[in-house]
Amino acid sequence: MIMIRALAVLVLVALAPAGALAQDGRPVFTDAERQAISSHGPWPMPWTPDPSNRVSGDPDAEKLGFRLFFDARLSAGGVMSCATCHRPEQAFAEDLAVSQGRVALTRNAPGLMNVRFRRWFGRDGGTDSLWSSSIRTFLKPEEFASGPDLIGQLLADDKDLRDQFEAVFGSDPALQSGETAMVLAAKALAAFQETLVSERTLFDDFRDAIAEGNETKEAIYPADAARGAKLFFGRGQCHVCHFGPAFSNGEFADTGLPVLLPGGGVDKGRYDGIKLVRSSRFNLLGPFSDDPEHSTAGKTRYLDLKPRNWGEFSVPALRGVSRTAPYMHDGSLATLADVVRHYSELDLDRLHADGNRVLKPLRLAEDEIADLVAFLETL
Ligand code: HEC
Ligand code: HEC
């Protein structure tokens with residue numbers, strides 16, 4: 001009897017059309033899907049230092065950066081620190097739809113877990129390194145509104161910080177230009193943020209089981225999440241953009257959200273981000289990169305502004321995504337189910353005409369939406 005049942009399952013599996021389920025409610029993955037799942041690991045990814053940051057991976061710099069991250073004195077008037085918007089207890093994101101700086105901002109603060117694996121930083125990719133991303137915050141009138149004078153002075157005046165700084169960089173901040181001290185502070189902050197790497201998850205065990213061909217281990221993964229994975233790597237084509245171990249291809253895309261801002265005007269996203277990164281004195285082509293060959297700067301050198309970039313936003317990495325609600329650049333979607341529903345009911349008229357179209361309305365059933373959410377929750 002057992003033999004016959006096993007045979008029946010085998011036959012079912014062999015005859016299963018794409019999307020079919022085996023008897024126990026578990027999906028049957030195609031070879032292409034198995035390969036796609038395997039390419040989302042292994043996790044954690046191997047460590048590689050950032051060549052543009054001389055203190056990348058230096059434990060003392062990480063400690064200094066940790067301290068600076070929580071220090072409100074880096075901002076004019078001492079009113080906010082990085083942790084005001086990137087809260088450690090919320091995976092370094094926050095639960096507000098849009099951040100509150102000196103005024104209400106127009107974008108949602110992304111979580112900083114696994115931020116070191118990004119190619120561009122900011123929802124618009126307005127900076128090309130992790131360290132210049134802090135400088136953007138320092139200089140922004142709506143955020144820190146500080147800059148070289150204030151930060152240089154702080155590092156020179158606070159005895160403790162000054163000693164710690166000197167131990168890391170081998171130079172006294174009081175004897176440097178404010179600009180140099182500011183850039184080095186940003187590099188220490190980056191060294192700290194590089195340590196924010198998320199733990200292995202249920203998904204990683206599932207991915208390893210698939211990569212190893214271990215069916216017993218594969219069966220430990222919950223059936224609803226497995227059906228969600230089938231949608232993510234199959235019909236949904238989600239992995240085309242949410243690609244690789246960190247679940248982002250490092251690029252930008254338009255997902256058909258409204259670009260009109262509540263207070264008037266539009267958020268052009270990547271279109272303005274490209275202009276910003278190209279014109280910044282702190283980009284990887286500039287004098288502050290520690291990478292003598294500018295090996296990391298190619299992406300910036302060959303950056304082209306195309307009409308397609310209008311309204312594109314950075315593809316978020318999805319590890320730990322259940323902890324960073326609300327979602328999207330404007331925080332307009334409150335829950336993961338809302339995000340999945342957005343993809344399910346996508347309004348094609350809102351997407352730009354050019355570019356190849358991966359996204360199409362998926363028209364998912366309620367139980368499929370629940371499966372996809374169950375999958376996302378295992379990341
Ligand atoms: C007032 C709230 C606020 C403060 C304070 C703030 N951030 Fe942010 N952060 C944001 C928002 C909003 C974004 C998205 C920026 C954009 O696209 O315009 C962001 C983006 C980032 C990014 C890019 C992440 C990614 O995935 O692309 C990094 C890194 C970052 N912040 C680090 C910091 C650090 C370090 C500090 C302190 C020096 C800081 N932030 C202070 C709100 C804030
Ligand atoms: C064409 C590329 C592309 C495809 C395909 C795609 N996404 Fe996204 N995804 C994005 C971009 C870009 C954003 C951010 C949009 C924004 O900030 O406005 C995003 C945001 C998200 C978010 C919110 C993350 C956060 O931190 O805010 C989730 C969850 C998500 N996508 C899941 C999915 C799922 C599930 C699918 C398949 C049904 C999918 N994506 C398909 C590009 C894509």
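Which exposed residues does the face of α7 turned away from its buried side carry? I found Lys 159 and Ala 167 there; exposed means over 50% relative accessible area, buried under 20% and partly exposed in between (1.4 Å probe, protein chains only).

Ground rules first. I'm in a predicted model, where local features need pLDDT of at least 70 and side-chain atom pairs count only at pLDDT 80 or more, while totals for chains, interfaces and linings use all residues. Residues are numbered from 1 along each chain as its sequence is written, chains are lettered from A and ligands numbered from 1 in the order written, and side-chain values use heavy atoms, without hydrogens and water.

Helix α7. I noted Leu 161, Phe 165, Val 168 and Phe 169 as buried in α7 (residues 159-169). They fall within an arc of 75 degrees seen down the axis, so they line one face of the helix. I took helices as DSSP runs (H or I, at least four residues) and strands likewise (E, at least two), numbered from the N terminus. The cover over these buried residues includes α3 (59-69), α6 (148-157) and α8 (178-193).

Iron, ligand 1. I see a single protein donor, His 86 (NE2), 2.1 Å away; donors are N, O and S atoms within 2.8 Å of the metal (3.2 Å for Na, K and Ca), and with water not among the atoms, sites may look incomplete.

Iron, ligand 2. I list His 242 (NE2) and Tyr 343 (OH) as coordinating the iron, at 1.9 to 2.1 Å. The pair sits 101 residues apart. His 242 counts as buried because its relative accessibility is 9%; Tyr 343, at 21%, counts as partly exposed.

Definitions and conventions. Arc of directions from axis to C-beta. Contact = heavy atoms within 4.5 Å.
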